[in-house]
Amino acid sequence: MSGSDSGYRIGVDVGGTFTDIVLFGHPAGDVSVAKVLNLHPDRAETVAEGIARLLERTGIRPDRLEAIGHGTTIATNAVIERKGAKTALITNDGFRDVLEIGRFARPERLIYRIHEDKPAPLVPRHLRLGVACRIDRNGEIVTELDESGLERAIAEISREAVESVAVCFLFSFLNPVHEERARSRLGNALPEIEIILSSDILREFREFPRSATTVFAAYVAPVLRSYIASLVERISRLGTRCPVHVFQSNGGVARPEVVMRNPALTLLSGPAGAVAGAVRLCDQIGRRDLVTMDMGGTSLDVSLICDAAAEVTTTREIDMFPVALPMLDIRTIGAGGGSVVRVDEVGRLKIGPDSVGAVPGPACYALGGDRATLTDTNLLMGLLDPETFADGAIRLDRGRAEEAVSGRIAAPLSVDVETAAAGVYGVATNQIAEAIGAMAIERGLDLRDFALVAFGGGGPLHAAAVARQLGILRVVVPRHPGLFSARGIAAADFSHDYVQSIVRPLADISMAEILSAIAGLAERAAADLDAERIGEERRALRPALDLRYVGQATEIAVPLGDGIGPSTVTLAEIAERFHRRHARLYSYMVPDEPIELVNARLRAVGRVDKPLPHRPMEAGPTPEAVGERNVRLPGADRARPVPVYRRDRLARGAGPAGPAIVEESSSSTLVLPEMETSVDRYGNFVVTLSPEGRPP
């Protein structure tokens with residue numbers, strides 16, 4: 001994936017409703033796009049169909065493809081829908097209920113729902129098997145692995161026709177010998193099953209997150225392996241032999257054989273592609289602090305980019321079970337185009353979290369759906385053109401949308417259809433603004449210092465209203481916003497994260513010991529980058545330490561700088577960095593309090609050539625509108641004529657003033673009254689709000 005003058009690179013984002021495909025060409029950075037409705041139950045078939053369509057349209061031979069980057073929600077959906085593999089867990093005797101017990105604290109959403117149970121673990125109790133063995137907190141063997149007990153567990157796994165096994169022993173992150181022995185015996189006895197070790201997945205303390213993450217990986221491993229095999233086979237039929245790189249939740253790609261060692265890395269890979277693309281956008285637009293807003297067909301994702309770097313977290317959960325792997329910090333709410341709109345039992349408008357997906361889809365798709373969705377209400381407000389929606393992939397039926405919204409929304413609220421649609425738009429705006437505001441408040445950030453980047457098929461339709469509510473003065477809509485995630489995936493670097501728990505007072509450890517631990521992680525990184533054929537000149541290693549004040553339950557990652565050689569950073573300087581980061585996050589620091597080292601971390605990056613974003617735009621006057629539509633603008637009491645412009649006709653420089661709708665093949669942008677617009681040299685569409693329009 002190093003790039004060449006004759007090669008082309010494809011990015012694929014498989015969403016809940018559409019599959020987006022972007023093709024980059026060298027050396028001029030030309031971009032071609034395709035958007036395919038997910039009508040095939042087998043998503044691999046949809047991907048192959050979309051790539052074939054794109055190659056035919058552009059006249060590019062399949063053998064000229066250099067690489068395909070692929071992001072998908074298949075692993076996440078397998079967990080949420082409970083459609084993963086039949087999985088067993090082998091752990092220490094007496095510890096099989098760690099998954100069931102979880103944390104002492106009750107999950108936040110269940111604090112006041114005392115009659116509601118937590119979701120069941122992915123592994124039922126009868127398949128959580130205990131084997132006698134014990135390693136202590138220093139990594140020393142206290143009790144050897146009970147071979148006869150392991151044989152009984154293997155026999156039970158065979159009888160139950162288990163497809164995948166997670167192995168998680170106490171303190172295996174310090175000494176994996178018992179897990180490796182269990183894998184050897186399992187592999188010999190049952191060579192057809194997947195075997196996932198916690199020491200391969202997460203060399204970190206805290207038993208519940210490590211167990212849950214390992215089980216996630218085992219649960220999705222057969223599903224992911226089958227999908228990747230099907231995808232590679234279908235793509236090869238097109239006549240291409242280029243590698244398929246799987247996009248991960250940390251914002252980078254990896255070869256399938258590397259990903260399959262830790263399938264949990266793909267659990268949130270789809271939404272991360274757009275955030276990776278937004279980071280690249282920082283240099284183009286001259287802003288280092290961004291809010292991203294990605295509205296797709298099934299959900300809406302928001303994230304923060306600070307100082308041109310995406311926020312990363314290791315505390316994500318799926319179904320209340322932790323996934324303790326570094327992931328881009330993306331918050332998801334049920335406000336996608338296909339999110340179901342309803343009136344609840346007390347007369348409140350509710351949007352999501354359930355979605356109608358591509359089939360049967362929103363009522364206006366005329367594919368059998370009869371439930372009102374955000375797409376239906378946007379159509380009734382006049383925000384969408386029924387003929388050009390999704391590049392003409394489907395013609396929208398206004399009559400069916402009216403029928404769904406009238407019966408399910410307008411009638412229960414005793415209002416007309418147009419007012420009901422406008423009310424839904426307002427509720428969606430509030431939900432999105434609340435999600436973004438919560439992320440900023442948690443980090444002590446002032447959103448007035450940020451620009452809002454909107455993408456996805458529906459993001460640009462809602463961005464101006466959200467920005468106005470949050471007091472953000474600039475909205476940026478990149479080119480091809482409906483396929484922005486696929487663009488980010490196509491240009492993503494290889495990226496891998498490694499961790500090793502240490503858990504010692506910082507005062508009791510030397511810098512040499514820290515560097516030795518990081519060097520051990522670097523050996524693992526080198527093996528993965530070697531497998532991906534990344535040259536030494538393209539590699540970057542970014543070590544960090546997780547630190548906390550003694551007695552704290554959570555830690556803060558403190559970067560050490562690039563490289564792992566003899567460091568000029570002293571322990572005193574590391575401590576000072578920790579104090580400052582603690583003060584920024586929590587508004588206080590305690591310089592005299594002892595600090596504890598928890599984990600050594602390493603991110604390994606294999607850089608790939610980045611194609612030019614686009615040919616620089618030529619300057620020119622604002623073109624005439626191509627027409628106008630009656631639109632019920634947010635906050636207005638009736639519809640009014642609003643001019644409609646084609647984005648591909650806009651030149652560099654000043655654009656149309658609001659109110660206006662700017663349409664393109666993958667999305668439409670709503671510009672509200674008293675807002676100004678412009679197009680920069682890269683083709684990004686910029687909407688500027690006046691300071692007077694900020695909320696008090």
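Biologist: Which residues lie nearest the centre of the second largest pocket?
Modeller: In this predicted model, Asp200, Asp497, Tyr498, Arg524 and Asp528 lie nearest the centre of that pocket. They belong to a lining of 21 residues.

Biologist: What is the volume of the second largest pocket?
Modeller: The volume is about 420 Å³.

Biologist: And how many of the lining residues are nonpolar, polar or charged?
Modeller: The lining has nine nonpolar residues, seven charged residues and five polar residues.

Biologist: Turning to the open sheet of four strands, what is the strand order?
Modeller: The order is 6-5-9-10, with parallel pairing. Strand 6 (128-131) and strand 10 (194-197) are the edge strands, each pairing on one side only. From one strand to the next, the twist averages 20°.

Biologist: Over how many bridges do strand 5 and strand 9 pair?
Modeller: Strand 5 (residues 87-92) and strand 9 (residues 164-168) pair over five bridges, in the parallel sense. Within strand 9, serine 164 is the bridge partner of threonine 87.

Biologist: Which strands does helix 5 touch as it packs on the sheet?
Modeller: Helix 5 (residues 177-189) touches strand 5, strand 9 and strand 10. The direction of helix 5 makes about 175° with that of strand 10.

Biologist: What about helix 7, which strands does it touch?
Modeller: Helix 7 (residues 207-236) also packs on the sheet, touching strand 5, strand 9 and strand 10. The direction of helix 7 makes about 160° with that of strand 9.

Key. Residues are numbered from 1 along each chain as its sequence is written. This is a predicted model: local features need pLDDT of at least 70, side-chain atom pairs count only at pLDDT 80 or more; totals for chains, interfaces and linings use all residues. Side-chain values use heavy atoms; hydrogens and water are left out. On a 1 Å grid over the protein atoms alone, a cavity is a set of points where a 1.4 Å probe fits but cannot get out, and a pocket is an open set with protein on both sides within 12 Å along at least five of seven lines; lining residues have an atom within 4 Å of a point. Grid points are joined across faces, edges and corners, and a volume is the space filled by probe spheres set on the points. Ala, Val, Leu, Ile, Met, Phe, Trp, Tyr, Cys and Pro count as nonpolar, Asp, Glu, Lys and Arg as charged, and the others, Gly among them, as polar. Two strands pair if DSSP finds at least two bridges between them. Helices (H or I, at least four residues) and strands (E, at least two) are DSSP runs, numbered from the N terminus. Axes are lines fitted to C-alpha atoms, for helices over the stretch in contact, and angles run from 0 to 180 degrees between N-to-C directions. Contact means heavy atoms within 4.5 Å.
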